[in-house]
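Keep the model open alongside the text.

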Amino acid sequence: MLCRTTAAKKRALDNLLNAVLDRARQLDLIADKPQGAIDATGFETHHVSAHYLHRTGKRTAQYTAWTKVTAVCDTQTHLFWSCIVTRGPDNDCPHFAPAVIQAGRYLRFDRLLGDAGFDSESNHALAREDLGIRSTVIPLNRRGGTQPAQGRYRQQMERQFPNRVYRQRVQIESSFSQHKRVLGSALRARNNPSRERECFVKILTHNLMILYCLN
């Protein structure tokens, strides 16, 4: 259970994200049928890059874990509408539900794109049936097997996968790349609750910078 101080901070951050969406609507930046993309990225918990540690042979157990952010962005504006913070490396699939549910509090997407790491029938069903997303485009992840896809939505992906639409998923990778170039890929906080708040503030800052540029 969250303590009162932590819960209050989380509500404040949620309110700020909602205010960003309201401003985006006032500026007519949100399409009539917005398209979202979901992906995950890692942030370094030290100001020493993993690439440098690997090249110099200094990579130890101290540096093997990192802070992971799973987010949903609008592919048209590159605005982020969710931020789920966990510890990596781990499986992407379980983070689909909390990220999409959080985004759904602020914006209802018409279509959602995700890579094969998020493939599961339950994820398709959650997005389409519970959250009202018309279409989810996620390539099959057979996880080493050769059996036909199971489930109504996964079978749809197997029969006729919309490659042209799926190419737009790259927009969230562009968003993460832009974010790290401007705001950096390393976190200053030194404990997990503080890192979660720092990631959320970075996402908010990213959104505010986009609104400033588009205003």
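**Two helices side by side**

H3 and H4 are roughly parallel to each other. Their axes cross at roughly 10° and come within 10 Å. Angles under 35 degrees count as roughly parallel, so the label follows. On the H3 side, the contact is made by Phe-96, Ala-97 and Ile-101. H4 contributes Asn-123, Leu-126 and Ala-127. By class, the residues of this contact divide into 5 nonpolar, 1 polar and no charged. The model shown here is predicted.

Stay with H4, which spans residues 121–130. Which of its residues are buried? They are Asn-123, His-124, Ala-125, Leu-126, Ala-127 and Arg-128. The cover over them includes helix H3 (96–104), strand S5 (135–137) and helix H5 (152–159). Just after H4 comes Gly-132, with a positive phi of about 75°.

**The chain as a whole**

Now step back. The chain holds 8 helices and 5 strands. From the N terminus on, their order is α-β-α-β-β-α-β-α-β-α-α-α-α. Of the 215 residues, 44% count as buried. The accessible surface comes to about 11,700 Å², and carbon and sulfur atoms hold 50% of it.

**Into the core**

In soluble globular proteins, nonpolar side chains tend to be buried together. Here the largest nonpolar core has 45 residues. Val-72, Trp-81 and Phe-96 touch the most other members. Helix H8 (residues 192–214) gives the most to this core, with 6 residues. Phe-96 also belongs to the contact of H3 with H4.

Look at Trp-81 next. What does Trp-81 touch, leaving out residues up to four places away in sequence? Its partners are Leu-17, Val-20, Leu-21, Ile-30, Val-72, Asp-74, Gln-102, Ala-103, Tyr-106, Leu-107 and Phe-109.

Is Gln-102 buried or exposed? Its relative accessibility is 4%, so Gln-102 counts as buried. Beyond its sequence neighbours up to four places away, Gln-102 touches Lys-10, Trp-81, Ser-82, Cys-83, Ile-84 and Phe-200.

**A crossing of helices**

Move to helix H7 (residues 170–183) and its packing on H8. Their axes lie 11 Å apart, at an angle of about 95°. That makes H7 roughly perpendicular to H8. From H7, the contact takes in Ser-175, Gln-178, His-179, Val-182 and Leu-183. From H8 come Lys-202, Ile-203, Thr-205, His-206, Met-209 and Ile-210. By class, this contact has 5 nonpolar, 5 polar and 1 charged residues. The contact of H3 with H4, by its own count, has 5 nonpolar, 1 polar and no charged.

**Loops and backbone**

Several loops deserve a look. A cis peptide bond joins Gly-88 and Pro-89, with omega about 0°. Pro-89 sits in the loop between strand S3 (84–88) and H3.

Asp-28 is not a glycine, yet its phi is positive, about 60°. Asp-28 lies in the loop between helix H1 (4–26) and strand S1 (35–43). At 67% relative accessibility, Asp-28 counts as exposed.

His-78 likewise has a positive phi, near 70°, in a residue other than glycine. The loop between strand S2 (66–74) and S3 holds His-78. Is His-78 buried or exposed? With a relative accessible area of 16%, His-78 is buried. The cut-off for buried is under 20%.

End at Gln-150, in the loop between S5 and H5. Gln-150 is exposed, with a relative accessible area of 54%. Leaving out residues up to four places away in sequence, Gln-150 touches Glu-121 and Gln-155. Glu-121 is 29 residues away along the chain, and the C-alpha atoms of Gln-150 and Glu-121 are separated by 7.7 Å.

Technical notes: Residues numbered from 1 in each chain as written. Predicted model: local features only at pLDDT ≥ 70, side-chain atom pairs only at ≥ 80, totals over all residues. Heavy atoms only, no water. Core = buried A, V, L, I, M, F, W, Y, C linked by side-chain atoms within 4.5 Å. Buried < 20%, exposed > 50% of the residue type's maximum accessible area, 1.4 Å probe, protein only. Helix = DSSP H or I, 4+ residues; strand = E, 2+ residues; numbered from the N terminus. Contact = heavy atoms within 4.5 Å. Axes fitted to C-alpha atoms, helices over the stretch in contact; angles between N-to-C directions. Parallel < 35°, antiparallel > 145°, perpendicular 65-115°, else oblique. Nonpolar A, V, L, I, M, F, W, Y, C, P; charged D, E, K, R; others polar. Areas by Shrake-Rupley, 256 points an atom, 1.4 Å probe, with all protein chains shown as cover.
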